Amino acid sequence: MKIKVNSALVAAPLAFLYKMLAKTIRFEVDGLENVTKVLDSNKTVIIAVWHDELLTLSTYGYAQKLPYVTIASDSNDGQIITEVLVRIGYKVARGSSSRGGLKAMLGMTRIMKKEGRIGIITVDGPKGPRHKLKQGILAIAQRTDSLIIPMRGYLENPIVFNKSWDKFQLPKPFGRCKVFMGEPIRVTEQKLTPELLKIEADKVEEILLNLGSGYK
C-alpha cells in the first residue's frame, strides 16, 4: 500500500534546513560579472548546471538572492520539491522530460519573459546519463532569446552519494565552495534541426565540462 505524504508538512522543515545550510557555506565566485552584464542589458538568462551540483549551486543562488525559475516534475516527489523551492523564493514550472515537458518549458518561458527571472536547468537531468547535456535548454534559450550561462560548483570535501546515477553532492555545513560562471553562450538563430541541435548541444556540453576543470 502506497502511503501519501503531506507535502506541506515535509516541505516546511526541508526549506528551513536548506536556508540554514545556505547561510553557512563560504562561496568564492569567479565570473559573476558574466551574469550581471547580461541582466544589466535587459537580456534574459538561463543558467546551465549539472544535476549533481544542483543543491550546491542553488544554495549560492539563495544566498545571493538571485531570482530563479526552474522546472520540477509532475510527480508526488516533484510536488514536495516545488513547495520547498517556493518557500525559498523560486518560481517553478511543472513538468518533466517524460511527461508534461512541453508544458513545463512553455511555463518557464512565460515566467522568464514576464518577470525577468533567471532560468536554471539541470541539463543532464532528471535521470542522466551523467554529464551528458539534454537539448531542451537550447529550445528554451532560442524561444526566449536568452543567453546560456554555464555554471559549476566545486565543493571542498563534499558528501557524495556514489550509488546515485549522478553521484549527487551534498555540501557540509560551514564548507567552502568555488563557483565558476562562464561566458554567455548564444544559441544559433537558425532552425534547430536534429543535426544542428547536436552541434549546439555538444558545444555547450564541452564548455560546461571544462569550466573550472583546472581548479581541482
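This is a walk through the structure, stop by stop, with what to select and what you will find there.

**Before you start**

The model is predicted: local features need pLDDT of at least 70, side-chain atom pairs count only at pLDDT 80 or more, and totals for chains, interfaces and linings use all residues. Residues are numbered from 1 along each chain as its sequence is written, and side-chain values use heavy atoms, with hydrogens and water left out. Helices (H or I, at least four residues) and strands (E, at least two) are DSSP runs, numbered from the N terminus.

**Stop 1: helix α1**

Select residues 7–24, which form helix α1. The expected span here is 1.5 Å times one less than the number of residues.

Now colour Ser7, Ala11, Ala15, Tyr18, Leu21, Ala22 and Thr24, the buried residues of α1. Buried means under 20% relative accessible area, exposed means over 50%, and partly exposed lies in between (1.4 Å probe, protein chains only). An α-helix has 3.6 residues a turn, so residues three or four places apart point the same way. The cover over the buried residues of α1 includes β1 (26–30), α3 and α4.

**Stop 2**

Axes are lines fitted to C-alpha atoms, for helices over the stretch in contact, and angles run from 0 to 180 degrees between N-to-C directions.

Contact means heavy atoms within 4.5 Å.

**Stop 3**

Gly61 is buried, with a relative accessible area of 0%. Leaving aside residues up to four places away in sequence, Gly61 touches Leu66 and Tyr68. Tyr90 is 29 residues from Gly61 in sequence, and their C-alpha atoms are 9.8 Å apart.

The structure holds four aromatic pairs. One of them is Tyr68 with Tyr90, edge-to-face at 5.3 Å centre to centre and 90° between the planes. Tyr68 sits in strand β3 and Tyr90 in the loop between α4 and β4, 22 residues apart. Both Tyr68 and Tyr90 are buried. Rings of Phe, Tyr and Trp (its six-membered ring) pair if their centres lie within 6.5 Å; planes under 30 degrees apart count as stacked, over 60 as edge-to-face and the rest as tilted.

**Stop 2: a pair between strands**

Tyr154 and Phe180 are also an edge-to-face pair, 5.8 Å centre to centre with 85° between the planes. Tyr154 lies in strand β6 (residues 147–155) and Phe180 in strand β9 (residues 176–181), so the pair ties together parts 26 residues apart in sequence. Tyr154 and Phe180 are buried.

**Stop 3: helix α4**

Select residues 76–87: α4 has 12 residues and reaches 17 Å from its first C-alpha to its last, close to the 16 Å expected. Gly78, Ile80, Thr82, Glu83, Val84 and Leu85 of α4 are buried. Their cover includes α1, β3 (68–72) and β4 (91–94). Gly89 follows α4, with a positive phi near 105°.

**Stop 4: backbone details**

Most residues other than glycine have a negative phi, and most peptide bonds are trans. Where can you look for a cis peptide bond? Go to Gly128 and Pro129, where omega is about 5°. Pro129 is in the loop between β5 (118–122) and α6 (136–144).

Next, select Asn42, which has a positive phi of about 65° although it is not a glycine. Asn42 is exposed, with a relative accessible area of 71%.
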